[in-house]
Amino acid sequence: DSPEKAQSEVIPDYQIASDKDIDEKAHLEDESINLSQWIKSNIQDVTEMVGFGDGESEVELIISDNGWVAKSTVINSYDQLLGKYLADKLMDSCPRWVPAKVNGICVPSKVRITYSWRF
(Lines give C-alpha, C1' and ligand atoms only; values in the text may rest on other atoms or scores of the structure.)
Protein backbone atom coordinates (compact mmCIF):
# COMPACT_ATOMS: atom_id res chain seq x y z
CA ASP A 1 0.00 0.00 0.00
CA SER A 2 2.39 2.67 -1.25
CA PRO A 3 2.81 5.00 -4.24
CA GLU A 4 5.71 2.86 -5.48
CA LYS A 5 3.62 -0.31 -5.40
CA ALA A 6 0.74 1.40 -7.23
CA GLN A 7 3.15 2.60 -9.92
CA SER A 8 4.91 -0.74 -10.34
CA GLU A 9 1.74 -2.77 -10.91
CA VAL A 10 0.19 -2.27 -14.35
CA ILE A 11 -3.58 -1.90 -14.12
CA PRO A 12 -5.20 -3.47 -17.20
CA ASP A 13 -7.65 -1.20 -19.04
CA TYR A 14 -10.54 -3.59 -18.40
CA GLN A 15 -10.10 -3.07 -14.63
CA ILE A 16 -10.35 0.73 -14.85
CA ALA A 17 -13.92 1.78 -14.15
CA SER A 18 -15.60 4.05 -16.66
CA ASP A 19 -17.32 7.22 -15.51
CA LYS A 20 -20.73 5.72 -16.25
CA ASP A 21 -20.08 2.81 -13.86
CA ILE A 22 -18.72 4.87 -10.97
CA ASP A 23 -20.98 5.62 -8.01
CA GLU A 24 -18.43 7.86 -6.31
CA LYS A 25 -15.63 9.53 -8.29
CA ALA A 26 -12.08 9.66 -7.00
CA HIS A 27 -11.31 12.80 -5.01
CA LEU A 28 -8.48 14.08 -2.89
CA GLU A 29 -8.38 12.57 0.57
CA ASP A 30 -8.06 16.00 2.17
CA GLU A 31 -11.01 17.87 0.69
CA SER A 32 -9.54 21.18 1.84
CA ILE A 33 -6.77 20.78 -0.78
CA ASN A 34 -7.29 22.68 -4.03
CA LEU A 35 -5.29 20.64 -6.55
CA SER A 36 -4.31 23.67 -8.66
CA GLN A 37 -3.06 25.51 -5.57
CA TRP A 38 -1.23 22.37 -4.43
CA ILE A 39 0.48 22.09 -7.83
CA LYS A 40 1.44 25.77 -7.74
CA SER A 41 2.92 25.40 -4.24
CA ASN A 42 4.56 21.99 -4.65
CA ILE A 43 5.31 21.42 -8.33
CA GLN A 44 5.63 24.69 -10.18
CA ASP A 45 9.21 25.58 -9.34
CA VAL A 46 9.64 28.83 -11.27
CA THR A 47 13.41 28.69 -10.97
CA GLU A 48 13.41 25.47 -13.04
CA MET A 49 10.94 26.87 -15.53
CA VAL A 50 12.67 30.09 -16.55
CA GLY A 51 12.13 30.65 -20.24
CA PHE A 52 8.74 28.99 -20.50
CA GLY A 53 5.66 30.95 -21.47
CA ASP A 54 2.21 30.66 -19.95
CA GLY A 55 0.16 27.72 -21.13
CA GLU A 56 -1.97 24.76 -20.11
CA SER A 57 -1.30 21.09 -19.60
CA GLU A 58 -3.97 18.41 -19.44
CA VAL A 59 -2.92 15.22 -17.68
CA GLU A 60 -4.84 12.00 -17.15
CA LEU A 61 -4.18 10.21 -13.88
CA ILE A 62 -5.03 6.62 -13.15
CA ILE A 63 -5.90 6.42 -9.48
CA SER A 64 -5.40 2.93 -8.09
CA ASP A 65 -7.98 1.20 -5.91
CA ASN A 66 -5.87 2.16 -2.88
CA GLY A 67 -5.81 5.87 -3.76
CA TRP A 68 -2.31 6.37 -5.10
CA VAL A 69 -1.52 7.69 -8.56
CA ALA A 70 -0.62 4.61 -10.59
CA LYS A 71 0.02 6.30 -13.93
CA SER A 72 0.01 9.77 -15.44
CA THR A 73 -0.24 10.59 -19.13
CA VAL A 74 -0.03 13.92 -20.92
CA ILE A 75 -3.24 14.30 -22.93
CA ASN A 76 -2.60 17.78 -24.27
CA SER A 77 -0.09 20.46 -23.44
CA TYR A 78 0.87 23.85 -24.78
CA ASP A 79 4.44 22.72 -24.18
CA GLN A 80 5.12 18.96 -24.09
CA LEU A 81 8.11 19.40 -21.77
CA LEU A 82 5.94 21.21 -19.22
CA GLY A 83 3.25 18.56 -19.59
CA LYS A 84 5.76 15.76 -19.02
CA TYR A 85 7.22 17.63 -16.04
CA LEU A 86 3.74 17.95 -14.50
CA ALA A 87 2.88 14.30 -15.18
CA ASP A 88 6.16 13.07 -13.66
CA LYS A 89 5.83 15.27 -10.58
CA LEU A 90 2.22 14.17 -10.02
CA MET A 91 3.42 10.57 -10.16
CA ASP A 92 6.15 11.30 -7.63
CA SER A 93 4.40 13.45 -5.09
CA CYS A 94 0.65 13.82 -5.61
CA PRO A 95 -1.36 13.57 -2.40
CA ARG A 96 -3.32 10.40 -1.78
CA TRP A 97 -6.81 10.22 -3.25
CA VAL A 98 -9.98 8.54 -2.06
CA PRO A 99 -10.47 6.01 -4.87
CA ALA A 100 -13.59 5.77 -6.99
CA LYS A 101 -16.23 3.28 -5.87
CA VAL A 102 -18.61 0.95 -7.64
CA ASN A 103 -21.20 -0.71 -5.40
CA GLY A 104 -19.20 0.40 -2.37
CA ILE A 105 -15.99 -1.28 -3.59
CA CYS A 106 -12.85 0.78 -4.35
CA VAL A 107 -11.84 0.55 -8.01
CA PRO A 108 -9.13 2.05 -10.25
CA SER A 109 -10.35 5.01 -12.28
CA LYS A 110 -9.20 7.86 -14.50
CA VAL A 111 -9.12 11.51 -13.49
CA ARG A 112 -8.27 14.32 -15.91
CA ILE A 113 -6.80 17.53 -14.62
CA THR A 114 -5.95 20.72 -16.47
CA TYR A 115 -3.31 23.00 -15.00
CA SER A 116 -2.67 26.54 -16.21
CA TRP A 117 0.99 27.49 -16.00
CA ARG A 118 1.55 31.18 -15.15
CA PHE A 119 5.06 32.58 -15.01
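Tutor: Gln7, Glu9, Val10, Ile11, Asp13, Glu60, Ile62, Ala70, Lys71, Thr73 and Lys110 form the lining of the largest pocket. Strands E2 (55-63) and E3 (69-77) are the elements that each give two or more of these residues, and E3 has the largest share, with three. Strands here are DSSP runs of E, at least two residues, numbered from the N terminus. This is a predicted model, where local features need pLDDT of at least 70 and side-chain atom pairs pLDDT 80 or more, while totals for chains, interfaces and linings use all residues. Residues are numbered from 1 along each chain, and side-chain values use heavy atoms, without hydrogens and water.

Student: What volume does the largest pocket have?

Tutor: Rolling a probe the size of a water molecule over the atoms shows where empty space is left. Here the largest pocket has a volume of about 160 Å³.  A pocket is an open set of points on a 1 Å grid where a 1.4 Å probe fits, with protein on both sides within 12 Å along at least five of seven lines; lining residues have an atom within 4 Å of a point.

Student: How many disulfides does a search of the whole structure find?

Tutor: A disulfide is a covalent bond between the sulfur atoms of two cysteines. The search finds zero, with the cut-off for a sulfur pair set at within 2.5 Å. The sulfur of Cys106 is 17 Å from the closest cysteine sulfur, in Cys94, too far for a bond.

Conventions: Grid points are joined across faces, edges and corners, and a volume is the space filled by probe spheres set on the points. Helices (H or I, at least four residues) and strands (E, at least two) are DSSP runs, numbered from the N terminus.
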